[in-house]
Amino acid sequence: MVDEKKVNQVVDTRNGFELPLLLFAGFRSIIDALHRDLAEHGHPETRPAYGFALQAVGRDGAAIGEIGRRLGVSKQAAGKTVEKLEGLGYVERAPDPADGRRTLIRLTPHGVDLLTRSAEGFDRQRAEWARTLGADRLAALEEDLRTMYPGGAFRLDAAGWFTG
């Protein structure tokens, strides 16, 4: 049975604004470490928003309008992001095999390498958190965050949400 008095004492001693700041600080520490690692492995120009954009492109490629919808940004904003990613060699334009009038944005081998290294880096960061916090505490934290996150699927429109 939960002792409500103890719960209220803990809640009363903390400021509500600290929770989102602590969550963001944890997120930021993971992302900053990941980007240091990526820079050392051939991706010095990458930015956090690029990962969301590359995920929106997906394995099969997507039209710019679809990328914009997935990211929650306008087609024009998606187009600017695609131009930047194309200039960095992460994506390329190709005719849509299903509709020759459409152009697909597809990942290049450099883009696939970035996503592969990112996944490996996230695994290393998680392992570091498990070493620091303990595997059981980290698993409990992850489960608690899943409980608090409604909807189940992760959204790619975070970059647009921050800037929009």
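Here are some exercises with worked solutions on the predicted model shown above.

**Exercise 1: Getting the overview**

Work out how many helices and strands the protein chain has, and in what order the elements run.

*Solution.* Start by counting: the secondary structure of the protein chain comes to eight helices and two strands. Next, read from the N terminus on, and you get α-α-α-α-α-β-β-α-α-α. Finally, look at the contacts with a separation of 6 or more: 53% of them are between residues 24 or more positions apart.

**Exercise 2: A helix pair, α4 and α5**

Decide how α4 and α5 are oriented to each other, and which residues meet.

*Solution.* Step one is to know what to look for: two packed helices are described by the angle between their axes and the distance between the axes. Step two, find the values: helix α4 covers residues 64-71, helix α5 covers residues 75-87, and their axes come within 8 Å and cross at roughly 105 degrees. Step three, classify the angle: 65 to 115 degrees counts as roughly perpendicular, so α4 is roughly perpendicular to α5. Step four, name the residues: α4 brings Ile64, Gly65, Ile67 and Gly68, and these meet Lys75, Ala78, Gly79 and Val82 in α5. Step five, sort them by class: this contact of α4 with α5 has four nonpolar, three polar and one charged.

**Exercise 3: Another helix pair, α6 and α7**

*Solution.* Helix α6 (residues 109-133) and helix α7 (residues 135-148) have axes 6 Å apart and pack at an angle of about 120 degrees. Roughly perpendicular stops at 115 degrees, and roughly antiparallel needs over 145, so α6 and α7 are oblique to each other. Sorted by class, the contact of α6 with α7 has six nonpolar, no polar and three charged residues.

**Exercise 4: The strands**

Find out whether β1 and β2 run parallel or antiparallel, and which residues are bridge partners.

*Solution.* Begin with the direction: strand β1 (residues 91-96) and strand β2 (residues 99-107) run antiparallel, joined by six bridges. Then follow the chain from β1 to β2, and you pass through a hairpin of two residues. Now pick out partners: glutamate 92 has arginine 106 in β2 as its bridge partner, and arginine 93 stands opposite isoleucine 105 in β2.

**Exercise 5: An aromatic pair**

Say how the rings of phenylalanine 24 and phenylalanine 27 are arranged.

*Solution.* A search of the whole structure turns up one aromatic pair. The ring centres of phenylalanine 24 and phenylalanine 27 are 6.1 Å apart and the planes are at 35 degrees, so the pair is tilted. Then check the sequence: both sit in helix α2 (residues 18-40), three residues apart, which means about one helical turn separates them. Last, check accessibility: phenylalanine 24 is partly exposed at 37%, and phenylalanine 27 is partly exposed at 38%.

**Exercise 6: A loop residue**

Where is arginine 59 found, and is arginine 59 buried or exposed?

*Solution.* Arginine 59 lies in the loop between α3 (48-57) and α4. Its relative accessibility is 84%, so arginine 59 counts as exposed. Now compare sequence with space: arginine 59 and valine 112 are 53 residues apart in sequence, with their C-alpha atoms 8.8 Å apart.

Terms used: Residues numbered from 1 in each chain as written. Predicted model: local features only at pLDDT ≥ 70, side-chain atom pairs only at ≥ 80, totals over all residues. Heavy atoms only, no water. Axes fitted to C-alpha atoms, helices over the stretch in contact; angles between N-to-C directions. Helix = DSSP H or I, 4+ residues; strand = E, 2+ residues; numbered from the N terminus. Parallel < 35°, antiparallel > 145°, perpendicular 65-115°, else oblique. Contact = heavy atoms within 4.5 Å. Nonpolar A, V, L, I, M, F, W, Y, C, P; charged D, E, K, R; others polar. Pairing = 2+ DSSP bridges. Phe/Tyr/Trp six-rings, centres within 6.5 Å; stacked < 30°, edge-to-face > 60°. Buried < 20%, exposed > 50% of the residue type's maximum accessible area, 1.4 Å probe, protein only.
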